[in-house]
Amino acid sequence: MRKPAAEIIATFLDDARSGRQPLAMFNNLRSPTLVEVMGAAGHRFIIFDLEHSSTNHEMLVSLIRAAELHDMMVMVRIERPDTAAAIRALDAGAHGIWVQHLADAEAVRTFVSSCLYPPLGDRGYCLFPRANHNGIGGAMEWVEYSNTGPLFVIGLNNEEILDEIDEVIAIPRVEILALNAPDVTVRAGYGDFDDFFQMHNIAKGVNKKIHEAGKLVMMPLLPPDMGDLKEAREFLAEQAADIWFTADIGCFLNGLGTLMGLQRALVKDRTGGNTQASTGSEASDSKEHDESASDDDPKSKLDFVRTC
């Protein structure tokens, strides 16, 4: 029997508010097996992405089942402010909804209300969703949980919604806000990778307001230079996030980049410096990489991942 959803959410919020800074993993690889492995390894928070992946609703249900095996906190990021998509995810068992591309505070208020049952909102009633054990759970208990339990994460990814941040923060049931610096940067006409990190200067002021209102901040665990641990820690500490997220693809590429760097070093040791004898990647690619940075330079691993 899986742990009650309300208990999972309460534990997650307690961790976030007490400074334990939960780390979410975006599951873009769409693998239930990977989700099981992550849960077995002790990971307790996962985000299934419907915005930038090909995950459909049927696949989402299978992924949520895998997460439930280890009582993981499940959040679903939907593609657009689509009430139907949000309710399908909640009915399937999601503990929270992350919604992007809301135009202003009124749009946030309307979206949240549409996901709640009367008298708090206008969500259509159904007793038999999977999240209510297909009807085995009590009717009134399901309504009460649905109106008080699931979390709403509001993505701050345009200048208009940032201008109304005080009003957004005050909306009931909005507990977590996520400033998407890359989105804001691109909308402002910038596209260079380093410009994304300049936007985090804005984040510091916004996050301060969020904390003053007693709400939580969620941000990507993505420092500008992962090769310098001290600098990375200082940069991330300045953001004062309560919840972090990263991506399974990024972790895979980081691990792959590290292993390929190790493999090139081993080839160099054996061949006396001739990395063109390398296997697993094209010789020309290895040569180009070796000319730009040494295999022993941690920053080169980050550069490798970015180019992927």
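This is a predicted model: local features need pLDDT of at least 70, side-chain atom pairs count only at pLDDT 80 or more; totals for chains, interfaces and linings use all residues.

1. Pro119 sits in the loop between α5 and α6. The peptide bond that joins Pro118 to Pro119 is cis, and its omega is near 10 degrees. Most peptide bonds are trans.

2. Confidence: the protein chain has a mean pLDDT of 84, with 81% of its residues at 70 or more. Residues 286–296 stay under 50 in pLDDT, and the model gives them 19 contacts beyond four places in sequence. Residues 298–308 are likewise below 50, with 22 contacts in the model beyond near neighbours in sequence.

3. Most residues other than glycine have a negative phi. Gln21 belongs to the loop between α1 and β1, while Arg30 belongs to the loop between β1 and α2.

4. Helix α3 covers residues 57–68, which makes 12 residues. From first C-alpha to last, α3 reaches 16 Å, close to the 16 Å expected at 1.5 Å a residue. At its N-terminal end, α3 is capped by Asn56, which has a side-chain oxygen 3.3 Å from the backbone nitrogen of Glu58.

5. Which residues of α3 are buried? They are Leu60, Val61, Leu63, Ile64, Ala66, Ala67 and Glu68. In an α-helix, residues three or four places apart point the same way, because there are 3.6 residues a turn. The buried residues of α3 pack against the strands β1 (23–27), β2 (45–49) and β3 (73–77), and against the helices α2 (32–40) and α4 (83–92).

6. α4 is mostly covered, with 7 of its 10 residues buried. The buried residues are Ala85, Ala86, Ile87, Ala89, Leu90, Asp91 and Ala92. Their cover includes α3, β3, β4 (96–99), α5 (105–114) and α6 (139–148).

7. Both ends of α4 deserve a look. At the start of α4, Asp82 places a side-chain oxygen within 3.0 Å of the backbone nitrogen of Ala84. Just after α4 comes Gly93, with a positive phi of about 125 degrees.

8. Asn157 is in the loop between β5 (151–156) and α7 (159–163). Why does Asn157 count as buried? Its relative accessibility is 0%, and therefore Asn157 falls in the buried class, for which the cut-off is under 20%. The side chain of Asn157 makes a polar contact, at 3.1 Å, with the side chain of His101.

9. The second largest pocket holds about 420 Å³ of space. Its lining has 22 residues, and Pro4, Ala5, Ala6, Ala131 and His133 are the closest to its centre. The elements that contribute two or more residues to this lining are α1 (5–17) and α6. α6 is also among the elements that cover the buried residues of α4.

Terms used. Residues are numbered from 1 along each chain as its sequence is written. Side-chain values use heavy atoms; hydrogens and water are left out. Helices (H or I, at least four residues) and strands (E, at least two) are DSSP runs, numbered from the N terminus. The expected span of a helix is 1.5 Å times one less than its number of residues. Buried means under 20% relative accessible area, exposed over 50%, partly exposed in between (1.4 Å probe, protein chains only). Contact means heavy atoms within 4.5 Å. A polar contact is a pair of N or O atoms within 3.5 Å; within protein, one must be able to donate a hydrogen and the other to accept it, and residues adjacent in sequence count only if both atoms are side-chain atoms. pLDDT is the predictor's confidence in each residue, from 0 to 100. On a 1 Å grid over the protein atoms alone, a cavity is a set of points where a 1.4 Å probe fits but cannot get out, and a pocket is an open set with protein on both sides within 12 Å along at least five of seven lines; lining residues have an atom within 4 Å of a point. Grid points are joined across faces, edges and corners, and a volume is the space filled by probe spheres set on the points.
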